[in-house]
Protein chains: 4
Amino acid sequence: MSGNSIGQRLVLTSFGESHGKSIGAVLDGCPAGLEVDEKEIQKILDYRKPGTSHITTQRKESDKVEIISGIFRGFTTGAPITMLIWNADQKSRDYENLKTNLRPGHSDYPAMIKYNHFNDYRGGGRFSGRLTATHVMGGVIARKLLKVTLGIETNSYTKQIGKIEMNKEFDEKMIKSIYKNDVRCPDENTAEKMKTSILNARKKGDSLGGVIESITTKVPVGLGEPIFSSLESELSKAIFSIPSVKGIEFGSGFEGSKLFGSENNDLYIINRGRIITKTNNSGGILGGISNGMPITIRIAFKPASSISKKQRTVNIQTKKISTLQVQGRHDPCVVPRAPPVVDSLVALTLADHALLAGQIKPVL
Amino acid sequence: MSGNSIGQRLVLTSFGESHGKSIGAVLDGCPAGLEVDEKEIQKILDYRKPGTSHITTQRKESDKVEIISGIFRGFTTGAPITMLIWNADQKSRDYENLKTNLRPGHSDYPAMIKYNHFNDYRGGGRFSGRLTATHVMGGVIARKLLKVTLGIETNSYTKQIGKIEMNKEFDEKMIKSIYKNDVRCPDENTAEKMKTSILNARKKGDSLGGVIESITTKVPVGLGEPIFSSLESELSKAIFSIPSVKGIEFGSGFEGSKLFGSENNDLYIINRGRIITKTNNSGGILGGISNGMPITIRIAFKPASSISKKQRTVNIQTKKISTLQVQGRHDPCVVPRAPPVVDSLVALTLADHALLAGQIKPVL
Amino acid sequence: MSGNSIGQRLVLTSFGESHGKSIGAVLDGCPAGLEVDEKEIQKILDYRKPGTSHITTQRKESDKVEIISGIFRGFTTGAPITMLIWNADQKSRDYENLKTNLRPGHSDYPAMIKYNHFNDYRGGGRFSGRLTATHVMGGVIARKLLKVTLGIETNSYTKQIGKIEMNKEFDEKMIKSIYKNDVRCPDENTAEKMKTSILNARKKGDSLGGVIESITTKVPVGLGEPIFSSLESELSKAIFSIPSVKGIEFGSGFEGSKLFGSENNDLYIINRGRIITKTNNSGGILGGISNGMPITIRIAFKPASSISKKQRTVNIQTKKISTLQVQGRHDPCVVPRAPPVVDSLVALTLADHALLAGQIKPVL
Amino acid sequence: MSGNSIGQRLVLTSFGESHGKSIGAVLDGCPAGLEVDEKEIQKILDYRKPGTSHITTQRKESDKVEIISGIFRGFTTGAPITMLIWNADQKSRDYENLKTNLRPGHSDYPAMIKYNHFNDYRGGGRFSGRLTATHVMGGVIARKLLKVTLGIETNSYTKQIGKIEMNKEFDEKMIKSIYKNDVRCPDENTAEKMKTSILNARKKGDSLGGVIESITTKVPVGLGEPIFSSLESELSKAIFSIPSVKGIEFGSGFEGSKLFGSENNDLYIINRGRIITKTNNSGGILGGISNGMPITIRIAFKPASSISKKQRTVNIQTKKISTLQVQGRHDPCVVPRAPPVVDSLVALTLADHALLAGQIKPVL
């Protein structure tokens, strides 16, 4: 299986290029009998869609999803579900001049070498962030499957943009506030500051990165296949498929590495007859297996590489230094568009593992 | 493929339990024609071995590796290479009392539920850090394969123990100093402080975590299969198989998420006719593909969960709160034993991808 | 990986249903730099297409293939190649009455049970022979890849229809005669008899099976990964994905099992400085690996299950015996449409193994 | 995953060489909670063992199996089960002279080319029939798993040796007679004739092939994952891993290809309230899925290639014709040793699919 597919029992295959005819996904292994509707998928795709506010790119992408296989009379059949978005509004001319001038921070250079110049470089081609829409197509179905069968809920929000961080701890009541603003931060004050910092970066022709936090609740004990398919292994593999992600941590993560064992260990307690832990420094995963506590993940996004500020670079043909100003309509910050993508990859991974662990049956 | 195997073309399968008869590894897909010797493997296994200094556990494990298939007249044959370590010095009685009292921070609880009490819990069983010896068995061969065919070198060192951090930037000259001290930190001053902090934690019956930094040089451009088998995806999947790892970042990682794009982008320059980047915030990976710069990874280890300090916990049979004091001879800090394990997993991943990318041939 | 994908390095994923919106294929892992054209694929698809002669079904399926990803300026890019056929001319009403009356010899009954009635049963749904068009989409590309890089040629022809068998041994000169008649038998006399027998079966509302022979030449020595990915293992796995196939044999096959070792062993000789064998009872495969001789396979197809003759069956709702007359426009014999499908599966398998063995590079 | 592993959820990895230190198997994915004992495995291994009668090779192989991981207190734990046989009684000198004189019908030549002479050629090395013992190690556990959880029983017997065929149809009562004689044919008269023909071949320094028939009963409806993981695809893939197998057919197979659809279709009937078919030309598989009828397979074995008769061959160094007389103690016919191997591969495949279909749970 090459790099375009992920999962063992629930397999998502992504295809398409940013400026090709279409992008799409095949979701294979979804149990038969799940009600699936294009509208549900569209709703979440729209959360990821650019061009909806001042803080994202002004490219308009209608991104209408069409299901072309695997659904019969509104229900999954057990056959592969194929979903398509036809591309439009491509301005490939913007990219022609980039064939020789390498964009710093982009895949341009390694992709060119790897594929011996045969890769479709238009708009980032196969490496474009646009492809995360294919993760969402499959992810919405996985998320519903988890919810319907096991009650699992996965949500994520913008925790940090540049140097602005939300310091309040996330709690479940905040879920409904995530999509109330453009930056997807449930704390309104922080959201405002984040928005301002993005608009400032934009004005300067620059970009910002940030951190997404993902919280998944009602996870049963026992998901994860040790050793190499530990939940941390599988979740990180999935999440690093998002362009721009450069770091990930579970539970107390890097901060936890500075604590004593007696501080970082989560003590077991009894709560309404159930064994839980008092704290959740483990992020819900012990020995690679879910322990029933919320799975908490923090994900670092680098600032977007495409900036309109002038940058020095190398012309790959002349092998001389040149100056580059990336044209096109780029996101000053991709983080606000990332929560539906993160949710999708978390859901795909957990649904795959729930199938592997026999917690979801192959036919509903 | 279940959780006990990793890799696509170069597949490591790990087996065994901490207190079972043996632990071992099958390395499949290694090209024919590589010279392999038990002594080379033993040398690196010894770096990982406990009982060699005051800062690690006093358990003595001879950990003698034996190759039982796949090598003929000193060379790999193309057939699977099987390596064994027979277990000894097991004091399983130490663990019997833990069957009911859950150890905080351990896999005990989720493993018990997942395997319906059939799992071998002695000494952590399949979840023991001892199993990382199986990663090393395969990793030494992968590391040699990379070195011999492509000149790739992978090294790692202890960058942080608890709150003590080495602040100097790592450079290649430090490689030979890594194993000069017990903590595996090439800066002697920092190493001393780290050692003291570990011994202090030990005295208190407590434990410490830390951070390992891994640097891989001479990586060719073009390793990594986008989207889901990006180098970051595959390296993180491999590295999260190490018990205690709770965070990972590439290049500028979490810090990079606070920078502007213009600060974090690595500018291309020409150096002796080769295209390189001036800085290496990408950690050698762009678009999931190696760009020829060193691959730099930082890995967060939580403090070891097994501490002799008294902890409150739950008795899983009575479902009542009880008190626990973990017996046995445990590591106050596992980080100093981790560099050979990290090197092994990095090497296994890169060798697999070098095979996938056709940079290493299936027969030498 | 579930049942809808095949291959390790060159992976074909098939999707779609007979009477759904579309059928299609994603071919992943094809090296970058191969010239690919919709017309080449269309040409071979047309050989498989029904409705072109009296001996196949009268259903008209235009089966126009459309490439929607993975090709840029006429060449493969290394990204997944997605190909679609939009369905048309569906007469699903023909099938509605079959929901309760099980068709003997069909997948109806086990599919219904397996998918708990959620499967799309219209026109056989996912189980329809129509889906072999998705094999051909990918197969044409694999076949070209083999031809262009290694000179490998794979062809197949109708060797037997019902009790009529072509007794002449196939030789390379016959290749150009295969598609000169509707039954795809290069011997005109036999072809005529086969045609007559098919038309007779049709008149009686009955159907016929037969045997396809596949011959692949210019195969390099060394393809096949023992033990479980032997060429015979992988070729048979691929070929049994064709509905109606119930037997396969390589070289002397079942007849060879009646010979003495001294009769069946192929003696080595030197021919123009090359080591070859005098006979080819091995069918070009020894120890699961290609030995450089032509790969010869014979494949048994059962007679098509859909016949218009009255058959007794069981009504799955009433659980009573009932009478059934399968309506719709069915093939009296599917064998003449099978050669392009067999060629495709052979090519996909050999191309995958040529990639695995490093005989084809990941980038051309 | 390379050629040394098979299965998706229940994965068998085989390792070792005929004259190396050991041969062995890792069975991964077996549900926790199954009682497993070395003696059960040994019993079936002994059925496969050579040197037990006049009709097999006189090599003595004690073939004592040792379980070294995955079993705790007599039960599977969910961890990989590793089983070893230490090699003994190797007379590698017998083979040294074969390094240059290619043995007709053997893997010698393609293996030498494929692995560039690095392969272990002693006693056939990795290609030896001896390696089928590793299939049996895993197969015995799979067979027990099927029996204990679903009541499935798989058996096979010698149906044909050379030109001697058992003409009676196999019925369940014959199962207990299979191992009553050395040829493993339940019909005593036929068995006697088979034995005589093997002894005759032996006297002449020649060898014989034959046919094994496998029958599996009490299979639930719904095993098999269409399209490419159809039961026929997966069973044939597994069975062609046995050296010497050159043909396979399900149900009416090649004979069925000569029938009319109205003759070959199995009509549905009601039997004690259950839907079954009157005949079983499908061999229990429709559309790649089990239909609840017995799965019937016939498997063609070529005559063993190692014969003591003089054969002409090529000297690979001088590239001249030479004469060869294969020394060593070889089987005049391997077919009588094959039933436990066939049973093992059938059981491994069906158990894997029962897990995939959710009919066996990951923990018992």
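In which hand of crossing does H6(B) pass H9(B)? I found a right-handed crossing of H6(B) with H9(B). A crossing is right-handed if the near helix is turned clockwise from the far one by less than a right angle, and left-handed if anticlockwise.

**Ground rules.** I noted that this is a predicted model, where local features need pLDDT of at least 70, side-chain atom pairs count only at pLDDT 80 or more, and totals for chains, interfaces and linings use all residues. Residues are numbered from 1 along each chain as its sequence is written, and chains are lettered from A and ligands numbered from 1 in the order in which they are written. Helices (H or I, at least four residues) and strands (E, at least two) are DSSP runs, numbered from the N terminus.

**Helix pair in chain B.** I went back to the two helices. H6 of chain B covers residues 231–239, and H9 of chain B covers residues 339–356. They pack at an angle of about 140°, with their axes 9 Å apart. Axes are lines fitted to C-alpha atoms, for helices over the stretch in contact, and angles run from 0 to 180 degrees between N-to-C directions. That angle makes H6(B) oblique to H9(B). The cut-offs are under 35 degrees for roughly parallel, over 145 for roughly antiparallel, 65 to 115 for roughly perpendicular, and the rest for oblique.

I then listed who touches whom. From H6(B) come B:Leu231, B:Glu234, B:Leu235, B:Ala238 and B:Ile239. From H9(B) come B:Val342, B:Leu345, B:Val346, B:Leu348, B:Thr349 and B:His353. Contact here has C-beta atoms, placed from the backbone, within 7 Å. By class, this H6(B)–H9(B) contact has 8 nonpolar, 2 polar and 1 charged residues. Ala, Val, Leu, Ile, Met, Phe, Trp, Tyr, Cys and Pro count as nonpolar, Asp, Glu, Lys and Arg as charged, and the others, Gly among them, as polar.

Two strands pair if DSSP finds at least two bridges between them. B:Arg312 has B:Thr323 of S18(B) as its bridge partner. The hairpin has 4 residues between the strands, and B:Lys319 takes a positive phi near 55° there.

**Sheet in chain D.** What is the order of the strands in the open sheet of chain D? I read S1-S2-S3-S7-S4, with antiparallel pairing among the 5 strands. S1 (5–6) and S4 (65–69) of chain D stand at the edges with a single partner strand each, so one side of each has no neighbour in the sheet. S1(D) is joined to S2 (residues 11–16) of chain D by 2 bridges. D:Ser5 stands opposite D:Thr13 of S2(D).

I checked which helices lie on this sheet. H4 of chain D (residues 132–150) packs on it, touching S2, S3 (22–28), S4 and S7 of chain D. The direction of H4(D) makes about 30° with that of S3(D). H1 of chain D (residues 38–48) lies across S4 and S7 (81–86) of chain D, at about 140° to S4(D).

**Chains C and D.** How many residues of chain D are in contact with chain C? I noted 88 residues of chain D against 88 residues of chain C. The chain D side has 36 nonpolar, 36 polar and 16 charged residues. Strand S11 (residues 245–250) of chain C runs antiparallel to S11 (residues 245–250) of chain D, with 3 bridges between them. C:Ile248 stands opposite D:Ile248.

Chain D can be laid on chain C by a turn of 180° and a shift of 0.0 Å along the axis, with an RMSD of 0.0 Å. The superposition is by least squares on the C-alpha atoms of residues with pLDDT of at least 70 in both. The two copies are thus related as by a two-fold rotation axis. I also saw that 100% of the interface residues of chain D are interface residues in chain C too, so the copies meet through the same surface.

I found a cis peptide bond from C:Pro226 to C:Ile227, with omega near 10°. C:Ile227 lies in the loop between S10 (210–217) and H6 (231–239) of chain C. In chain A, A:His117 has a positive phi of about 70° although it is not a glycine. A:His117 sits in the loop between H3 (108–114) and H4 (132–150) of chain A.

How values were computed: Contact = placed C-beta atoms within 7 Å.
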